[in-house]
Amino acid sequence: MRFVDEATIKVRSGKGGNGCASLRRAANLPKGGPDGGDGGKGGDVVFRGTNVLMSLYDFRLHRHYFAKCGESGMGGDRYGKAADTLYVDLPVGTLIYEITEHEDGTETEVLLADLVSHGTEIVIVAGGRGGRGNLHFKTSVNRTPRTAEDGFPNEEKRIRLELKILADVGLLGLPSAGKSTFIAQVSAARPKIAAYPFTTLVPNLGVIEDDDYERMVIADIPGLIEGASEGRGLGIQFLKHVERTRFLLHILAAEDLNRENPIDGYDMLNQELREYSTELDEKMQIKVINKIDTLDEEELAEIKAKIDATGEKVFYISALTGEGVDELLKTMWSQLLEMNAKEEAKQAE
Ligand SMILES: Nc1nc2c(ncn2[C@@H]2O[C@H](COP(=O)(O)OP(=O)(O)OP(=O)(O)O)[C@@H](O)[C@H]2O)c(=O)[nH]1
Ligand SMILES: [Mg+2]
């Protein structure tokens, strides 16, 4: 699957500081008792979910996350300082696996956690407890203990991070409908675009951000043809990619329109969706007619009139020139934000 971002990192907590063995010494206290303080706790490494990040790219560059050790206790009842927690911010949706290496060289991994929401915190490796100073070891028999505890050990783990990027919008259309051109028009993605069918062979993701840092991820998938649900063309494997999107953008190129009944142009692929899964069939769709720059005004007016008569809402764009794209994007944003809000409300219940 292409929508997976991965990185392997090493995390290490801090050792606990050593306890101190010290006896009180003062001119007026010739036989002072123990006054060695405890060592401070070593730092934890805490993973924290954030929706500000969306890629694991940084974690492929910066691979080591080590917290500091606790400070040692000191005489005069002074405690060692605990080390700060090391927070590591990860994109929401990151799966955290611990890798274990075995003696025979093989590796296995277990899932430790799934950072499901913004603000979720998980202690991945805990800092060692500080050792107790000798002031804790005073008993009726031994009033001047000279022993103190060492700090407790730290932990180290190898962690594999995996982020499944969920696309919000799936592009649906015949080969050469202009799906990749659309994604190039609205995002920084630069997929291959060409005048022959099946230019796109693997899905591309385009990401758009609005002024409030909300993100919309659009998946450009290979064109679908009749029989896709039975595996024709590049078919079925890519339908899976759009199964978990919020909605579909169904793009029809002007040249593929039946001028008598233009709205029928969407039926064929919708039939494929229906045969593939009811979930996809029921997914909300925004219908788009692309390449309006190739139509003259009269032709476009005629198509619009016929579509309006059916009561269907269709957007008319040119992915190439950008005409009509802003209006479409506005609708996509409000659709997405509305659906996200509904989903959040549902999850909160
Ligand atoms: N005139 C015009 N040409 C367009 C427009 N959008 C796309 N094209 C052209 O149509 C051809 C196919 O565009 P692509 O974006 O590669 O189409 P696709 O839907 O991604 O095709 P596949 O990846 O093969 O499924 C290219 O030659 C584009 O330049 C448009 O709005 N107007
Ligand atoms: Mg393409």
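Helices, at least four residues long, are DSSP runs numbered from the N terminus. In this predicted model, helix α2, residues 179-186, gives the largest share of the shell around ligand 1, namely three residues. The protein chain holds seven helices and 14 strands. Its radius of gyration is 31 Å, well over the 20 Å that the globule rule gives for 349 residues, so the chain is more spread out than a compact globule.

**The chain as a whole**

- The C-alpha trace of the protein chain spans about 110 × 45 × 35 Å along its principal axes.
- Of the 349 residues in the protein chain, 38% are buried.
- Among contacts in the protein chain with a separation of 6 or more, 72% are between residues 24 or more positions apart.

**The shell around ligand 1**

- There are 24 residues around ligand 1, and those that come nearest are Gly-178, Ser-180, Thr-200, Gly-223 and Leu-320.
- By residue type, the shell around ligand 1 divides into ten nonpolar, eleven polar and three charged residues.
- Helix α2, the source of three shell residues, lies across the strands β9, β10, β11 and β12.
- The helix α2 runs at about 30° to β10.

**The sheet of six strands**

- Strands of a sheet pair through backbone hydrogen bonds, and the pairing is either parallel or antiparallel.
- One open sheet has six strands in the order β10-β11-β9-β12-β13-β14, with mixed pairing.
- At its edges are β10 (204-209) and β14 (314-316), and each of these pairs on one side only.
- On average, neighbouring strands of this sheet are turned by 25° against each other, direction ignored.
- Strands β10 and β11 run antiparallel and are joined by six bridges.
- Within this pair, Gly-206 has Ile-218 in β11 as its bridge partner.
- The hairpin of β10 and β11 has five residues between the strands, and in this hairpin Tyr-213 takes a positive phi near 65°.
- Strands β12 (residues 247-253) and β13 (residues 285-290) run parallel, with six bridges between them.
- Leu-248 stands opposite Gln-285, a residue of β13.

**Strand β9 and its two partners**

- Strand β9 covers residues 169-173, and five of its five residues are buried.
- Val-169, Leu-171 and Gly-173 point one way from β9, while Gly-170 and Leu-172 point the other way.
- Residues on both sides of β9 are buried.
- Strand β9 pairs with β11 in the parallel sense over two bridges, and Val-169 has Ile-218 in β11 as its bridge partner.

- Another open sheet has three strands in the order β4-β2-β7, and its pairing is mixed.
- The edge strands of this sheet are β4 (86-91) and β7 (121-125), each of which pairs on one side only.
- Neighbouring strands here are turned by 30° against each other on average, direction ignored.
- Six bridges hold the parallel pairing of β2 (residues 45-50) with β4.
- Arg-48 stands opposite Asp-89 in β4.

**Leu-115, a residue in a loop**

- Leu-115 lies in the loop between β6 (107-114) and β7.
- Is Leu-115 buried or exposed? A residue counts as buried if 20 or more other C-beta atoms lie within 10 Å of its own, and Leu-115 is buried because it has 23 C-beta neighbours inside 10 Å.
- Leaving aside residues up to four places away in sequence, Leu-115 touches Phe-47, Gly-49, Leu-90, Val-92, Gly-93, Thr-94 and Thr-120.
- Leu-115 and Glu-272 are 157 residues apart along the chain, and their C-alpha atoms are separated by 35 Å.

How values were computed. Residues are numbered from 1 along each chain as its sequence is written. Chains are lettered from A and ligands numbered from 1 in the order in which they are written. This is a predicted model: local features need pLDDT of at least 70, side-chain atom pairs count only at pLDDT 80 or more; totals for chains, interfaces and linings use all residues. A residue is near a molecule or strand if its C-beta atom, placed from the backbone, lies within 6 Å of it. Ala, Val, Leu, Ile, Met, Phe, Trp, Tyr, Cys and Pro count as nonpolar, Asp, Glu, Lys and Arg as charged, and the others, Gly among them, as polar. Two strands pair if DSSP finds at least two bridges between them. Axes are lines fitted to C-alpha atoms, for helices over the stretch in contact, and angles run from 0 to 180 degrees between N-to-C directions. Two residues are in contact if their C-beta atoms, placed from the backbone, lie within 7 Å. The radius of gyration is taken over C-alpha atoms; the globule rule is 2.2 Å times the number of residues to the power 0.38. A residue is buried if 20 or more other C-beta atoms lie within 10 Å of its own, exposed if 12 or fewer, and partly exposed in between; C-beta atoms are placed from the backbone.
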